[in-house]
Amino acid sequence: MTSAVIYARVSSARQKKNETIGSQIAALHAHAETLGLEVPEEWVFADDGHSGATLVRPALERLRDLVAGVGVDVVLCYSPDRLARKFALQALLIEEFTRAGTKVEFVNGPRGGGHVVCVPGL
């Protein structure tokens with residue numbers, strides 16, 4: 001079975017209060033199940049209250065270490081702005097993951113619904 005990790009992020013107190021991170025994670029688990037992807041519970045990374053304008057986020061740093069060290073087939077993220085606010089940072093992360101042989105998929109991409117950003121070697 002293909003291995004996947006989930007990354008979710010909210011930056012504001014209002015988002016945290018409304019539990020949108022929980023809804024992101026639920027949607028990502030459902031998407032993984034639809035695709036037949038296995039997501040170990042310890043591979044769910046969530047940054048509560050961290051800006052997407054920087055790469056210095058605790059869960060993102062652990063995710064990057066995991067991808068670089070262990071190898072992961074797919075990183076699932078709700079939308080590109082949940083990965084990073086700035087396009088340049090999105091591109092940097094996607095390139096980093098691609099070099100490690102990891103595909104990045106957004107549930108809600110620029111065109112809406114299930115947008116695959118990178119599929120290296122598949």
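Tutor: Let's start with the largest nonpolar core, which has 21 residues; V5, Y7, F45, L63 and L83 are the ones touching the most other members. By nonpolar core I mean a set of buried Ala, Val, Leu, Ile, Met, Phe, Trp, Tyr and Cys residues joined through side-chain atoms within 4.5 Å. Buried stands for under 20% relative accessible area, exposed for over 50%, and partly exposed for what falls in between, with a 1.4 Å probe and protein chains only.

Before going on, keep in mind that this is a predicted model, where local features need pLDDT of at least 70 and side-chain atom pairs count only at pLDDT 80 or more, while totals for chains, interfaces and linings use all residues. Residues are numbered from 1 along each chain as its sequence is written, and side-chain values use heavy atoms, with hydrogens and water left out.

Two or more residues of this core come from each of β1 (4-10), α3 (58-69), β3 (74-77), α5 (87-99) and β4 (103-106). The helices (H or I, at least four residues) and strands (E, at least two) are DSSP runs, numbered from the N terminus. The largest share, five residues, is from α3. As for L83, setting aside neighbours within four places in sequence, its contacts are Y7, R57, L60, C77, L93, I94 and F106; contact here means heavy atoms within 4.5 Å. There is also a second, separate core of 13 residues, with A4, I6, A8 and I25 among them.

Now look at β1, where seven of seven residues are buried. A4, I6, A8 and V10 point one way from the strand, V5, Y7 and R9 point the other way, and all are buried. β1 runs parallel to β3, with four bridges joining them, and V5 has V75 as its bridge partner in β3. β1 also pairs with β2 (44-48) in the parallel sense, over five bridges; there, Y7 stands opposite F45. Strands count as paired if DSSP finds at least two bridges between them.

Next, α3. Its 12 residues reach 17 Å from first C-alpha to last, close to the 16 Å expected at 1.5 Å a residue; the expected span is 1.5 Å times one less than the number of residues. A59, L60, L63, L66 and V67 are its buried residues. They sit on the same side of α3 because they cover an arc of only 120° around the axis, the arc being that of the directions from the helix axis to the C-beta atoms. That buried set packs against β1, β2, β3, α4 (80-83) and α5. D65, A68 and G69 are exposed on the other side of α3. Just after the helix, G71 takes a positive phi of about 90°.

I21, Q24, I25, L28, H31 and A32 are buried, and they lie on the same side of α2 because their arc around the axis is only 125°. These buried residues pack against β1, β2, β3, α4 and β4. E33 and T34 are exposed on the face turned away from the buried side. G36, which follows α2, has a positive phi near 75°.

To finish, here are a few loop residues. D73 is in the loop between α3 and β3, and it counts as partly exposed because its relative accessibility is 34%. Not counting residues up to four places away in sequence, D73 touches T2, S3, G101, T102 and K103. A polar atom of the D73 side chain lies 2.8 Å from the backbone nitrogen of S3. T102, in the loop between α5 and β4, counts as buried because its relative accessibility is 0%. A polar atom of the T102 side chain is 2.6 Å from the backbone oxygen of V72. S79, in the loop between β3 and α4, is buried too, with a relative accessible area of 10%. Apart from neighbours within four places in sequence, S79 is in contact with F106 and N108; F106 is also among the contacts of L83.

Definitions and conventions:
Polar contact = N/O pair within 3.5 Å; in protein donor to acceptor, adjacent residues only side chain to side chain.
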